Amino acid sequence: MSAVEAKLAELGLTLPDVVPPLAAYQPAVRSGVYVYTAGQLPMVEGKLPVTGKVGAEVTPEEAKDLARTCALNALAAVKSVVGDLDRIARVVKVVGFVASAADFTGQPGVLNGASELLGEVLGDKGVHARSAVGVAVLPLDAPVEVEIQVELAQ
């Protein structure tokens, strides 16, 4: 078990299976020392636990938890390409999309769920740049979607 997966276990988390693509793309690709993930939905055992807009059908607190799930799914996608999460030198960038009610402006707080998980699991290697974007709708009516870019140790 890698140190990263041991840390996940310590936090009471397990790395899920990679979420199968919903269309014509790969869950993650490697280019040189970087791995880029596709946008990861908060799928749990093949299903979205919650759907709808944040600030309407979904509370910001629920959405923050869903963003954590997205980050966990992103780590699974990275592992599928590199085999060992201990190869991560750092998380470079996180981009998050929040399906938002028209008056909802708390996207950064929602995306803190993903950012905080990456920090808990990877420590200083999890510190990253980030964008939090409000959108009208996401695939399958998901409330949140997260993609990450990681640099691998050489």
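The protein chain contains three helices and five strands, where helices (H or I, at least four residues) and strands (E, at least two) are DSSP runs numbered from the N terminus. Their order from the N terminus is α-β-β-α-β-α-β-β. The chain is as compact as a globular protein of 154 residues, because its radius of gyration is 14 Å, close to the 15 Å of the globule rule; the radius is taken over C-alpha atoms, and the rule is 2.2 Å times the number of residues to the power 0.38.

The model is predicted: local features need pLDDT of at least 70, side-chain atom pairs count only at pLDDT 80 or more, and totals for chains, interfaces and linings use all residues. Residues are numbered from 1 along each chain as its sequence is written, and side-chain values use heavy atoms, with hydrogens and water left out.

Of the 154 residues in the protein chain, 43% are buried (under 20% relative accessible area; exposed is over 50%, partly exposed in between; 1.4 Å probe, protein chains only). Among contacts (heavy atoms within 4.5 Å) with a separation of 6 or more, 82% join residues 24 or more positions apart.

Most residues other than glycine have a negative phi.
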